[in-house]
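Here is a friendly note to read alongside the model. Please keep the structure open as you go through the points.

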Amino acid sequence: MSRSRVLGLIPARGGSRRLPGKNLADLHGRSLLQRAIDAGLEAHGIDRLIVSTDDPAIAEAARAGGAEVPFLRPAELATDEASSLDVVRHAMDWADEDEPDAFSHLVLLQPTSPLRSAVDIDQTLALCRDQDRSTAVSVTPAPKPGVLMIGHDGVLGPASGYGQPLILNGAVYVLKRDHLNIGGGFIAPDTAYHVMDQHRSVDVDTSDDLDRAAEILKS
């Protein structure tokens, strides 16, 4: 069977230094976790949505919210030192065992980007699939020059030449399974990008970020 399905992955560990209980923090009646789940379930391109967590309370909330929690994340992948890519590889390895040769792509949705929509997810995924790119990411216009990434001719790359100044906003990452198989990461030479407005690119890491997201939703 050829790979054609898309796995959605929401990483939601229990620990958070700057905002304790961050993933279950309330934002206008829904937790950050639930907002990520709702966007993933509404996205047309995601076939299966799972949450990777080490926390039983988060696992319970995720299942109640409509996502699968087929495993608890190993302790070594729930530390501040564990990388998001390690979490992605662990989930993809599990998926390949659960549904062999089923998944062509993985979509990573961090709960800390609560203003991302299902449309953002589907558009970023479409860039990766339709253009046969290794990865695709969501970005936002940089507030000032001198940033790390530019968008030029539809490809995201280092800001060493001419192009539109952009920064990663952390809302959507799409990775092709074959790219992961050869040790690839979130950014590749052919990474495509989907631009989101700055006001929807808020990344919640502190209580001030949460307040800002609430004000944006209110307005």
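1. A term to start with: buried means under 20% relative accessible area, exposed means over 50%, and partly exposed is in between (1.4 Å probe, protein chains only). His28 is partly exposed, with a relative accessible area of 44%. Its place is the loop between strand 2 (26-27) and strand 3 (30-31), where helices (H or I, at least four residues) and strands (E, at least two) are DSSP runs numbered from the N terminus. Phi of His28 is near 55°, a positive value in a residue other than glycine.

2. Some ground rules. This is a predicted model, in which local features need pLDDT of at least 70 and side-chain atom pairs count only at pLDDT 80 or more, while totals for chains, interfaces and linings use all residues. Residues are numbered from 1 along each chain as its sequence is written, and side-chain values use heavy atoms, with hydrogens and water left out.

3. Asp101 also has a positive phi, near 60°, in a residue other than glycine. Look for Asp101 in the loop between helix 3 and strand 5 (103-108). With a relative accessible area of 41%, Asp101 is partly exposed.

4. Now to helix 1. Nine of the 11 residues of helix 1 (residues 32-42) are buried, so this helix is largely enclosed by the rest of the structure. Among the buried ones are Leu32, Leu33, Gln34 and Arg35. Gln34 counts as buried at 17% relative accessibility. The side chains of Gln34 and Asp38 are joined by a polar contact of 2.8 Å; such a contact is a pair of N or O atoms within 3.5 Å, where within protein one must be able to donate a hydrogen and the other to accept it, and residues adjacent in sequence count only if both atoms are side-chain atoms. Leaving aside neighbours within four places in sequence, Gln34 is in contact (heavy atoms within 4.5 Å) with Ala61 and Gly65.

5. Which residues have the most contacts inside the largest nonpolar core? They are Ile10, Leu33, Ile37, Ile46, Val51, Val107 and Ile121, in a core of 28 residues. The elements that give two or more residues to this core include strand 1 (5-11), helix 1 and helix 4 (118-130). Apart from it lies another core, of 24 residues, with Leu85, Val88, Leu108 and Val139 among them. A nonpolar core is a set of buried Ala, Val, Leu, Ile, Met, Phe, Trp, Tyr and Cys residues joined through side-chain atoms within 4.5 Å.

6. Arg48 is found in strand 4 and is buried, with a relative accessible area of 13%. A polar contact of 2.7 Å joins the side chains of Arg48 and Asp98. Not counting residues up to four places away in sequence, Arg48 touches several residues, including Arg5, Glu68, Trp94 and Phe103.

7. Pro70 sits in the loop between helix 2 and helix 3 (84-98). At 32% relative accessibility, Pro70 counts as partly exposed. Not counting residues up to four places away in sequence, Pro70 touches Ile50, Val51 and Trp94. The C-alpha atoms of Pro70 and Ala59 are separated by 9.2 Å, and these residues are 11 residues apart along the chain.
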